[in-house]
Amino acid sequence: MRKFRLPLGITIVVLSLILTVPTSMGIGGATLISDEWWGQFRVINPHGKLTQLVFISYEPEFVQTSGPVEIGDPDGDGALDAYELSGLWWNLDRYPNGVPYTINPLGGLCYGLSTGAVVSEIKAALENWDLAVDYENYESCKTTYHVELYNDDVTVDYFARASTWLPDYRNVITWGLLRPKVIAVASIWYVSETGEIVDADIILNYLYRWGIDPDDEGSAKLSHAFDIQNIVTHEAGHWTGLTDLYNEEYSEMTMYGHTKYGEVKKVSLEPGDIAGAQKVYERWRK
């Protein structure tokens, strides 16, 4: 990864994917997100020369939204499409072969999944966003551009950890202990003045069961598990520069902020998801 010096005031954004689940699952052990932040929507946490900014998403009764850009129903499926930008972006001039990232698959292995299967699911999730930027437009699956958003050569490291408290300038997708009702977290460090991302992680919660749907059509085997590709595709949307949408009219979109056991519809992007990704990286599409 290319090294460069950062100005003061690097910020971290945490965007959580939430689901109502039984509290009987318990907590146990230290979590990766401070309990002091519970119930707050926006947390500013000074940390020496750095500042941490945290956005937390909650269950439906807590939801506050603003600013989505609607694009109608271009695919004619009866559901409205929209996107909302976080203001964050990868400087692809620094990454001519795409943004590198590392996968720690240990959490998947706990449920009998192979390293190869876990890595394949996660790579497919990020490839969704690669393809989205390359599409001619958000209504077409015709690829006419050659933007490499995420690097195809993934590093596998069983010791890799997310850097939620200080940046380590290494992009990691892994499992970790989060509190109940939080399924996953996308943690992003960026340059305060520009929004350029310098470090991003995705954490899947150890408290829940994880699986892989063999055909992405929904499966009884996943009735009590979360599909890895489904959740990582959503979280990778935050890496890409999009924020959550919570209004029910956007419920078919990948960036809709709620999920449930066995859901797989987020593995394929909707026109609103694609339009948002293309807006973020339009400079490199020209």
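Where is the place of Thr233? Thr233 sits in helix H3. Keep in mind as you browse that this is a predicted model.

**Thr233**
- Thr233 counts as buried because its relative accessibility is 0%, and buried means under 20%.
- Leaving out residues up to four places away in sequence, Thr233 touches Ala125, Asn128 and Trp129, along with Thr254, Lys266, Val267 and Leu269.

**Glu249**
- You will find Glu249 in the loop that runs between helix H3 (228-240) and helix H4 (271-280).
- With a relative accessibility of 37%, Glu249 is partly exposed, because that value falls between the 20% limit for buried and the 50% limit for exposed.
- Glu249 and Leu80 are 169 residues apart along the chain, and their C-alpha atoms are separated by 5.9 Å.
- Leu80 is also one of the residues that Glu249 touches, and the others are Glu70 and Ala79, with residues up to four places away in sequence not counted.

- Glu139 has a relative accessible area of 57%, so it counts as exposed, the term for values over 50%.

Definitions and conventions:
Residues numbered from 1 in each chain as written. Predicted model: local features only at pLDDT ≥ 70, side-chain atom pairs only at ≥ 80, totals over all residues. Heavy atoms only, no water. Helix = DSSP H or I, 4+ residues; strand = E, 2+ residues; numbered from the N terminus. Buried < 20%, exposed > 50% of the residue type's maximum accessible area, 1.4 Å probe, protein only. Contact = heavy atoms within 4.5 Å.
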